[in-house]
2 protein chains.
Amino acid sequence: MRVLITGAAGFIGSNLADRYLKDGHTVIGIDNFSTGQREFLAPSVDLHEVDLLNLQAIVPLFEGVDQVIHLAANADVRFGPDHPDRDLQQNVIATWNVLEAMRRTNVKRIAFSSTGSVYGEAPVIPTPEDAGFPVQTSLYGASKVSAEAMISAYAESFAFEAHIFRFVSILGERYTHGHVLDFYKSLRADPSQLRVLGNGKQRKSYLYVRDCVEAILIALDKAKDKVNIFNLGTDEYCQVTDSIGWITGYMNVAPKLNFTGGDRGWIGDNPFIFLDTKRIRSLGWQPSLTIQQAVIKTVQYLEQNAWVLERR
Amino acid sequence: MRVLITGAAGFIGSNLADRYLKDGHTVIGIDNFSTGQREFLAPSVDLHEVDLLNLQAIVPLFEGVDQVIHLAANADVRFGPDHPDRDLQQNVIATWNVLEAMRRTNVKRIAFSSTGSVYGEAPVIPTPEDAGFPVQTSLYGASKVSAEAMISAYAESFAFEAHIFRFVSILGERYTHGHVLDFYKSLRADPSQLRVLGNGKQRKSYLYVRDCVEAILIALDKAKDKVNIFNLGTDEYCQVTDSIGWITGYMNVAPKLNFTGGDRGWIGDNPFIFLDTKRIRSLGWQPSLTIQQAVIKTVQYLEQNAWVLERR
């Protein structure tokens with residue numbers, strides 16, 4: 001099978017590429033290296049350094065492809081208000097270009113990395129896939145809802161099969177941004193104190209990257225509706241302070257915690273994300289690591305790959 | 001008050017402009033005349049012929065504006081698959097440009113014309129504003145969901161007050177496209193037969209344009225949340241064949257009906273649209289015309305303004 005992965009040099013993309021290569025498939029990778037890392041990519045990936053905003057350039061790469069895994073995105077949830085066009089360009093228009101490239105080359109199958117942020121401040125927790133019509137609170141969530149909507153409409157209009165995955169935050173090998181990196185980097189530089197956005201009581205969910213990859217493969221294999229939507233996460237959540245406890249415990253440091261205060265870390269921050277994952281579990285998938293194990297695995301990865309701390 | 005209306009020369013825009021002018025307000029109109037009609041616009045509207053895709057050109061027009069009514073859109077639901085970039089450009093990117101123009105000029109209040117199509121094939125009918133997370137079936141619906149999401153995220157990020165109106169189809173004076181015009185025009189040319197898309201049993205809802213305008217004014221006056229979402233429609237629906245009966249009865253013609261067949265008029269057509277309008281009614285609004293009265297009013301308008309039939 002020929003699998004095209006956008007964002008192939010990224011955290012999740014490179015893990016997926018490794019998994020497909022291991023199974024003997026051909027992987028075509030697209031990455032603009034805005035956040036991707038060449039070190040992550042196996043040499044056997046057929047890599048194309050190109051921006052998805054360049055529709056003419058990407059169309060030929062889709063010829064003969066059996067399925068597209070569209071992961072390339074601006075994943076900075078926090079800084080949306082600082083550059084409001086980034087989510088529009090990199091998440092909305094780039095996704096539309098992927099869909100157009102598929103339509104023009106008759107590729108019919110797409111998997112897409114959406115986010116639990118699309119639920120906004122969810123009225124039901126744990127939140128199922130068919131929760132109430134959400135009101136968006138972040139530009140990032142808005143851009144992902146937009147991309148989901150376009151993918152669904154293309155599936156209906158042009159007989160695609162679409163798989164939409166609403167991720168919690170992902171942890172593990174090749175993790176390059178997020179709170180574990182921020183905390184670890186800060187504590188390496190100064191183990192005596194740690195600045196924490198908000199009051200530390202925000203409740204968040206996480207998933208180990210290899211569990212995420214397996215869930216995507218199982219859903220692509222077993223779900224055959226026109227539009228298949230799956231929450232991906234573990235059956236638990238933690239507070240920011242829990243995560244700090246695991247990290248500092250593993251590092252054997254005891255910093256003074258300086259909370260910036262308030263129940264949100266930033267404008268549009270969602271103080272409680274916890275997804276109902278019955279649907280993906282019903283296909284036989286289950287995570288192999290708990291959140292605590294995934295946090296520790298991530299710290300170990302950063303210890304062994306300190307170069308990651310200096311990138312971006 | 002200074003009110004900026006995008007799509008000011010359109011069907012709903014020009015009716016809103018008249019209403020604001022009558023109340024003594026200043027109306028700044030933006031229209032690219034892709035579907036707008038100069039004949040609809042009162043001379044006292046401060047009109048700017050410019051495309052919303054030209055962000056640099058529109059920003060200065062927002063200076064000193066008190067509220068924005070963003071109506072400009074591609075409203076062709078049926079032909080999305082024929083030109084898939086039109087909804088992206090005219091509905092998604094144009095809306096983002098309006099939001100950016102507001103942010104840059106510190107305008108904080110926006111009303112937006114969304115659509116009942118955002119509910120896709122709604123699981124609950126009549127459909128309330130907080131119905132289950134919808135899966136989009138048309139590029140048009142997808143583009144409107146995207147615009148809603150961006151507006152909500154801007155409201156959260158930049159302290160806007162947003163009013164989002166999910167319209168059923170609108171009828172009445174200055175109606176320029178839709179099934180009443182198609183049927184009326186066809187029957188004028190040949191009263192002996194009428195081609196009907198689908199099986200004629202599709203159930204749809206309609207609202208008279210002046211009732212729509214009053215609903216917008218009442219909601220802007222009374223609803224003060226950060227994001228205010230209202231369905232707009234009557235408390236009834238009709239079948240396509242009901243509408244044909246009213247039109248042919250009024251015209252005193254008895255055509256043979258040629259149904260193209262199937263329960264949908266086109267790809268992505270929604271066979272049953274009926275919105276729950278309790279929320280807007282709770283503010284004291286109610287429609288003045290039934291669907292039948294609005295259909296007849298529309299036919300009368302077309303009779304008296306036959307030039308409209310030849311436009312576009």
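1. Basis. This is a predicted model: local features need pLDDT of at least 70, side-chain atom pairs count only at pLDDT 80 or more, and totals for chains, interfaces and linings use all residues. Residues are numbered from 1 along each chain as its sequence is written, while chains are lettered from A and ligands numbered from 1 in the order in which they are written.

2. Domains. Chain A splits into domain 1 (2–170 + 206–232) and domain 2 (176–205 + 236–273 + 289–310). The bounds come from an automatic or database domain assignment. The C-alpha centres of the two domains of chain A are 26 Å apart.

3. Domain contact. In chain A, 18 residues of domain 1 are in contact with 14 residues of domain 2. Contact means that the C-beta atoms of two residues, placed from the backbone, lie within 7 Å. Strand E10 (residues 206–208) of chain A gives the largest share of the domain 1 side, three residues. Helices (H or I, at least four residues) and strands (E, at least two) are DSSP runs, numbered from the N terminus. By class, that domain 1 side has seven nonpolar, eight polar and three charged residues. Here Ala, Val, Leu, Ile, Met, Phe, Trp, Tyr, Cys and Pro count as nonpolar, Asp, Glu, Lys and Arg as charged, and the others, Gly among them, as polar.

4. Strand pairing. Two strands pair if DSSP finds at least two bridges between them. Strand E1 (residues 2–6) of chain A runs parallel to E4(A), joined by four bridges. Thr6(A) stands opposite His70(A) there. Strand E4 (residues 67–70) of chain A pairs in turn with E5(A), parallel, over three bridges. Ile69(A) has Ala111(A) as its bridge partner in E5(A). E5(A) also pairs with strand E6 (residues 161–167) of chain A, parallel, over seven bridges. Phe112(A) has Ile164(A) as its bridge partner in E6(A).

5. Strand burial. A residue is buried if 20 or more other C-beta atoms lie within 10 Å of its own, exposed if 12 or fewer, and partly exposed in between, with C-beta atoms placed from the backbone. Six of the seven residues of strand E5 (residues 109–115) of chain A are buried, so this strand is largely enclosed by the rest of the structure. In E4(A), Gln67(A) and Ile69(A) point one way, Val68(A) and His70(A) the other, and all are buried.

6. Helix H5. His179(A), Val180(A), Phe183(A) and Tyr184(A) are buried in helix H5 (residues 179–189) of chain A. They sit on the same side of H5(A), because their arc around the axis is only 125 degrees. The arc is that of the directions from the helix axis to the C-beta atoms. The buried residues of H5(A) pack against strand E7 (169–171), strand E8 (193–196), helix H7 (240–251) and helix H9 (291–304) of chain A.

7. Chain contact. Chain B and chain A each put 32 residues into the contact. On the chain B side, helix H3 (85–105) and helix H4 (139–158) of chain B are the elements that give two or more residues. H4(B) gives the most, with twelve residues. By class, the chain B side has 18 nonpolar, ten polar and four charged residues. The copies meet through the same surface, because 100% of the interface residues of chain B are also interface residues in chain A.
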